Structures are given as C-alpha cells and as structure tokens.
Protein chains: 2
Amino acid sequence: MDQPDPVSVEALLARVERIFVKAGLRAENARDVARVIVAGERDNCKSHGIYRIEGCLRVLAAGKVSPDAVPQLVDQGKSVIEVDAGGGFSNPAFYAAKNALVDRTRSTGLAALVIRDCLHFSALWHDVEALAQHGLASLSMCPSYAFVAPAGGTQPLLGTNPFAFGWPRKGDDPYVFDIATSVAARGEIELHRRAGTPIPEGWAMDGDGNPTTDPEAALDGAMLTFGGHKGSAISTMIELLSGAMLGEFMSKEALDFMGGTDLLPRHGALVLAMDPQVFAARSGRDPIAQGEMLLSAIAGQGARLPSQRRFQARARSLRDGILLTRAELDQLDRFERLGLAALT
Amino acid sequence: MDQPDPVSVEALLARVERIFVKAGLRAENARDVARVIVAGERDNCKSHGIYRIEGCLRVLAAGKVSPDAVPQLVDQGKSVIEVDAGGGFSNPAFYAAKNALVDRTRSTGLAALVIRDCLHFSALWHDVEALAQHGLASLSMCPSYAFVAPAGGTQPLLGTNPFAFGWPRKGDDPYVFDIATSVAARGEIELHRRAGTPIPEGWAMDGDGNPTTDPEAALDGAMLTFGGHKGSAISTMIELLSGAMLGEFMSKEALDFMGGTDLLPRHGALVLAMDPQVFAARSGRDPIAQGEMLLSAIAGQGARLPSQRRFQARARSLRDGILLTRAELDQLDRFERLGLAALT
C-alpha cells in the first residue's frame, strides 16, 4: 500500500546528477557518473544501480577521488589512445575518449583505449554497449581488489576482474556479456554473512587454504576463480593486460594503496575496439548478418543470451518507469539535501 | 628392453619435414607444418605432436587442403593485417605474416592478424609464444567444429574454440595459456569410448539434452562449455570474433562444409598482438617487471603457472632428445617411405 509511484528514467537521472553536484563533483563528471548509475538501475542491475551512490560519496568524503578532475586525452594518432582520469571516476574519462576511439577504430580496424588512474565502480557492459551502438565489437577489462586466489594457490592475489564483450546487432540489442572471473561476487558472500547462511561449496577457501562454506571465513580467506584453472588463467591475463601492461595498479597494489576494501579501488582499465566491417571487408560477407546466424541459433535452442534479462528490464523501465522502495527514495532525498553530510 | 634411443629435436624435425614433402607439400609448407608438430612432441604435448601427422595426411589424401598454397599477405598499412592461406595449412600463413605483424604492433602498439581460409590443427600456444619472443603480448582464437552446446541449449553449435594468451618474461619462458572453451577435449571422450569407461559428470549431454556419462551418447549429443554460462559466453565471443567478424566459417559452417568430423576443419583465425612498451610508455613503469611481480607471487604460493609442465618437458627434450615408442617410430618410417599411400 505504501508502494511509491514509479520514477521515470529521466527524472532519476536528473536527481542522481543533482546528488553528485551537491557532493562537489564537476558538472560534467556528475552527469557521466549519474548516467552510468541510472543505467544500472534502469536495467534492474541493482548491484550497479543507485546502491552505488553511497560508495561514490564515501570515496569523495575520504578525499580519495578527485571531484573536479578533467580527463586528459592523449592521442598520438596510433592505435592506442589514452585518457588520464586524473584520479577521478572512470566514466567521465571513458566518455571524453569515446569518439576518438570510435573514429580511430573505424579508420584502422582496431584500436585500444587506455584509461589511467581512475576510480572504478561501474559495470563494464556500459562501455561495450556504447561502442556497439557505433557498430563496433569490443572487449573491456580491469583489475579490482585482490580477493581471489590463483588456481593452485591459497592467498588472495587476483581481483574479481571483470571481462566484458559487446557485439553489434542490426535492429536488436547487442550481444553483451560482462562476467566476473571469480565464481561469485564478493557482495554475494557479504549477503550470506549478514543472513547467517552458508555459502555454496566451491566459492572460497579460508585463511589456511581449506575449502569453506562459512562466509566469514571466506571473506577473511580467498575467493575462487570460475572454471578452475581456466578462469584463473583468464583472470591473470586481465591483471597483466589492464594492470601491468598499462603501468597501472594490479589488484594487489590497488588494495595496498587504498589500505582497505571499504573504499572503491583506484587503477586503470583497457578497452579494445574492433570494426567488423573493416575485418570482413575482403571476405565479401556481412559480418553482422553472419553473427545473427549464430545468435539466432542459440536463441532457437531456447537458450537465453547474456544480458537478455537486463534488456527486458530496460524496456519495462523506459515504458513504465523505475520502481524504487520508500527507503531508496528517502535515501535519495537525504543525499540530495545533505550531500556528503548525509554519510555521517 | 625394446625402448628405442631418443631422437633429437632437430632429427625429428628433419624427418617430419621429409614426410610432408613426400606427401606432396610445397617445401616451405612442409617445414612450417613440421616445426609446429615437432614443437608439440618436444613439449610432451602428445595430442598436438606427431599424432597429428596422420590427420594432416588424411586431409591431403582427401584433396581438402591445398598442398602448394602460397600464403598471400595483404597489408594495407592499417592495424589489421591479413594473410590468405589459400586453403592450405594455417602454419605457413602465420609465419608468412609474423614479421609484418610484429613490426606493425611495435610501431602502433596494437595490431591484428587475420588468417583466412586455412586448415587448422595446431595448438595456439605456438603462435602466442612466437610473438612473446618478440616482446609482444597476444591473444589468439579460432572456431573449430560444432560439438558444444551453448549454456541453456541442448544441441551442438559452438566449437571447442581454443583461446590462447602469451605474455613475455625477461630471461624466462613466457606466461602462456591455451585453453579449450569446452570442459574436456573431444579426444578425451573418444579415449573413454575406446576404453569402455564412463566420462565424468558435467562433460556432456546426450542427444535429448540430458546429462550423460556415456561416452557414446556424449559423442552423439553435445559437449558442455567450461565454467557454465561464462565459458559459453566466451566461446560465443570466439565464434563472433574469429568467425563472423572475419567473414570466415564459424564452427557450424565448418562442420557442414567438411561434411563430417573425420577431417580437419577449415576456417579462419584471429591474433591480436600488443606491445607492452607502447602501452606503458607514459606510465614510466616497466610493464614486464610489473608482470613479474604478479607471476612470481603466483609461483610463490606454490601454484603452477600454465604451460609450466610443457616448458619442463621442452628443456628435457632439448637436452636428452625425445623418447618415442617403437610403434611411433615405425609409423614415421612408413609415412616417410610411402607418403599418402601409407594411409591405405
């Protein structure tokens, strides 16, 4: 009976933007951070929706993120474009460089975007979807905090390192996946801890390297990679390509630097973009039509494509607005009224 | 007591090369195919060693591979370099394009190699290792035959799609992984069938989409991807990037084209190469030294790095020679004496 009215996507966007302006973010930065957070909420991807606002405010309050950073684009006309986030959030840096990345990719077939020195909290699907809208395929990856043990090891060293891929489709939502290379998200273990329920086997080991279903022991120990040694290898690749190769923090350094996991991690990110039209040109085939043969055959088996639930939620939100609870709306009010003071 | 003397790597290379020349391969093609096969045997990677000779001869005998194809390099000065294998084996095409790929990557930071219309039988670690020798990081992937069901599906559609990564190390073997995106290799199921033993749960489903441990039912049904829906997403990505995007066959078309799985598949392949020195330049950090911090920390936990066993076998082979059985040596004799006639 106390179900509040739905909020339109535009109204929520304006509101979240105001929250970040009130919290001291430069206007352009507030807009870019807000649009990524609202996109998560719109897609019913609650773990990357308005829930993230508090984490962003906390890192601002701690003085660990630059509120007025102006992303600096460094483009030397090569295949690697760089943008220095200057210790600000990653999203304004991505948007500052996106058009340059799209143009370079179209002209050479393949280009990389290096994001330096950013605070990273958002899902990677946002970036690969934005590139798919320009007809590009892309890969995106970054380190995180060292919570995950390598296969055969016992101590946390790797991040939950996300790996996302986007592929454009004609007249349809793109093919997009965005996976953590850990079996489970750290937040899921946290939820079990709060609820006092055991975690499934295979998620984590305790501090001595023994398998555990105790969420407390898991949080003090190490999480496991998906797919055993194969997932561990992929997670290691992500540390190397989006950490070591860029000369930016890997997950272990990111953790040491912040001195704890209460705040968002600071590191870099890597995006590789490809133009299928350039790659396919000499074949005489339409790469997007080729892709449809596979994707429609997957769907034809009754299998769900990754992100499909997200796209369905998006369509609902755009049509009917977003349903937030009274508690969520109250928190937005408080943030909007008090800014960083709402945290105390 | 009938253990034959070990064969030196060089002697085996010369012998396998002679086998392919006898079978009708152009000299350069025979050399490149032989060196990849002998590298597998040298590394005690038996499934990609001299065992592969017969499969190569069969596809030659069937007239499904061009023995005298001359790889055609197409380099328009962009970030995408192409080489047309002309229906020959993939290895001569890779070697024909390798130097151009290395040079382009060094000058622009990032480049791709597209291999078109090749017969593919070799492990991908060979290519990424060759690039690591030039100080480059690289990814390599290709489709195969449609043996694997997508997560949530029941019918074979995806290949066992290999995914390899290489990262250079200073004064040490590179960090290299080369994983199938299926849980198990098809050959492992075949071995269980011959031995009359059940396969482990989680490897495959039968033709009705039910889980099975019966190898026969598995071979008639569909294999499963590693890591559930995450592995399935990665395998789908490989179909799109190294099949659809290139305008080359995906795994389903490759199977339809050959009309059966007795012969090696024909399709394309994609290699992405990156120069860590270009990516890290502005950071002031040495990316290779950074990578060592991670890799030594993994080893420091007692975890084995991927390919480590292979490198140990290689060191043994180079020092002591390769031990082959009498049956293996006899088969090499027969192939060398009779060429394709040995198959009948």
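Predicted model: local features only at pLDDT ≥ 70, side-chain atom pairs only at ≥ 80, totals over all residues.
## Two packed helices

Two packed helices are described by the angle between their axes and the distance between the axes. In chain A, helix α4 (residues 90–108) and helix α5 (residues 125–132) pack at an angle of about 35°, and their axes lie 11 Å apart. The crossing of α4(A) with α5(A) is right-handed.

On the α4(A) side, the residues that take part are A:Phe94, A:Tyr95, A:Lys98, A:Leu101 and A:Val102, and they meet A:His126, A:Asp127, A:Ala130 and A:Leu131 of α5(A). Sorted by class, this contact between α4(A) and α5(A) is made of six nonpolar, one polar and two charged residues.

Strands of a sheet pair through backbone hydrogen bonds, either parallel or antiparallel. Chain A has an open sheet of three strands in the order β8-β7-β9, and the pairing is antiparallel. Its edge strands, β8 (211–212) and β9 (222–223) of chain A, each pair on one side only.

Strand β7 (residues 204–205) of chain A is joined to β9(A) by two bridges, and A:Met205 has A:Ala222 in β9(A) as its bridge partner.

## Cysteines without disulfides

Over all chains, the count of disulfides is zero. For A:Cys56, the closest cysteine sulfur belongs to A:Cys118 and is 12 Å away, so the two are too far apart for a bond, given that a disulfide requires sulfur atoms within 2.5 Å. In chain B, B:Cys56 is likewise in no disulfide, with the sulfur of B:Cys118, the nearest one, 12 Å away.

A:Cys56 has a relative accessible area of 0% and is therefore buried, and B:Cys56, at 0% relative accessibility, also counts as buried.

Conventions. Residues numbered from 1 in each chain as written. Chains lettered and ligands numbered in written order. Heavy atoms only, no water. Axes fitted to C-alpha atoms, helices over the stretch in contact; angles between N-to-C directions. Helix = DSSP H or I, 4+ residues; strand = E, 2+ residues; numbered from the N terminus. Left-handed = near helix turned anticlockwise from the far one by under 90°. Contact = heavy atoms within 4.5 Å. Nonpolar A, V, L, I, M, F, W, Y, C, P; charged D, E, K, R; others polar. Pairing = 2+ DSSP bridges. Buried < 20%, exposed > 50% of the residue type's maximum accessible area, 1.4 Å probe, protein only.
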